[in-house]
Amino acid sequence: MEAAPIDPAAGGAEPPAPLPSRASRAGRNLPAAIASGVALLVAFGLSLWFRPEPFVALVVLAVGAGLWELRQAFARAQVRLPYWPLLVGGAGMAVSAFTGGAEGLLLAYVLTVAAVVVWRLLDGPGPQALRDATAGVFAATYVPFMAGFVVLLLGQADGPARVVLFVLLAVANDTGGYIAGVLFGRHPLARTVSPKKSWEGFAGSVALAVGVGVAGAVWGLGASPWLGVALGVMVAITATLGDLAESLIKRDLELKDMGSLLPGHGGVLDRIDSLLATAPFVYLVLSVAA
């Protein structure tokens, strides 16, 4: 015989509390995040192991996934990204950066922007076309153009070592910020934009990024440790700003994550937002100082 449901108002026992979520205090499924992070690092390492072309292909793949996520997100605001010219142009920017350097990247970017605008205007003019074309220019700049600087790093002397240092700096920034934020975070860094970010987490990002920067500059590039300090501080600032910028986009579009392709991390853009914002600055600093 089936038991009658317990009514707490009648003095019965409270129903059992739900099991705690697997998400950590920082809002991540930590085991899934670690597994995804390790898989990404392995793919990154293997792509650089023998020849540079597989790494360029990995950049093209990440750019395509990021643009697809951005297209899906913008559709929530009734904005249609010209996806196909962005996809072709994004691949062209990565290849042009690899084969033609900074000039090749800039030329491919200009051609992509022109193609995006023309493609959208072919569907008809008007305010909606202006919105879509403007969003397309933003997408071309934010994802493939910024990612092209990572490929430019690869083309410099000791290119693989520079790319490895760049990625390790970004990982150190995220890891230091995560650990310090979870353990000591009390004072919000930007409460209205990203409530989980704290000044204590930012200090952890600076500390670990500077440590990795000094080690990478001295042992990886044979450069001054002060270059590593400068890189660490700069990466902590640019990566944090890049993450906050993406958080602003997601807040405006009422999204928690840009996608779900990477378990524990959300979408590809959620993982590479800090890399995109950091790549041009690391490329410029290493071009001048190392």
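Is the crossing of α4 and α8 left-handed or right-handed? The first legend takes up this question.

**View 1. Helices α4 and α8 packed against each other in the predicted model.** The crossing of α4 and α8 is left-handed, a term used if the near helix is turned anticlockwise from the far one by less than a right angle, whereas clockwise would be right-handed. Two packed helices are described by the angle between their axes and the distance between the axes. Here α4 and helix α8 (residues 268-289) pack at an angle of about 50°, and their axes are 8 Å apart; the axes are lines fitted to C-alpha atoms, for helices over the stretch in contact, with angles running from 0 to 180 degrees between N-to-C directions. The two helices, α4 and α8, are therefore oblique to each other, because angles under 35 degrees count as roughly parallel, over 145 as roughly antiparallel, 65 to 115 as roughly perpendicular and the rest as oblique. Helices (H or I, at least four residues) and strands (E, at least two) are DSSP runs, numbered from the N terminus. Residues are numbered from 1 along each chain as its sequence is written. As this is a predicted model, local features need pLDDT of at least 70 and side-chain atom pairs count only at pLDDT 80 or more, while totals for chains, interfaces and linings use all residues, and side-chain values use heavy atoms, with hydrogens and water left out.

**View 2. Salt bridges around Asp132.** Side chains of opposite charge can pair when their charged atoms come close. A salt bridge is taken as a side-chain nitrogen of Lys or Arg within 4 Å of a carboxyl oxygen of Asp or Glu, and a search of the whole structure finds 7 of them. In one of these, Arg80 pairs with Asp132, with the closest N and O atoms 3.9 Å apart. This pair links distant parts of the chain, since Arg80 is in the loop between α2 and α3 and Asp132 is in helix α4, 52 residues apart. Arg120 also meets Asp132 in a salt bridge, at 2.6 Å from N to O. That pair, too, links distant parts of the chain, with Arg120 in helix α3 and Asp132 in helix α4, 12 residues apart. Asp132 is buried, with a relative accessible area of 0%, and Arg120 counts as buried at 6%, whereas Arg80 counts as partly exposed at 48%; buried means under 20% relative accessible area, exposed over 50%, and partly exposed in between (1.4 Å probe, protein chains only).

View 3. Lys250 counts as buried at 10% relative accessibility, and Glu246 counts as buried at 1%.

View 4. Most residues other than glycine have a negative phi. Gln78 counts as exposed at 57% relative accessibility, and Asp158 is exposed, with a relative accessible area of 51%.
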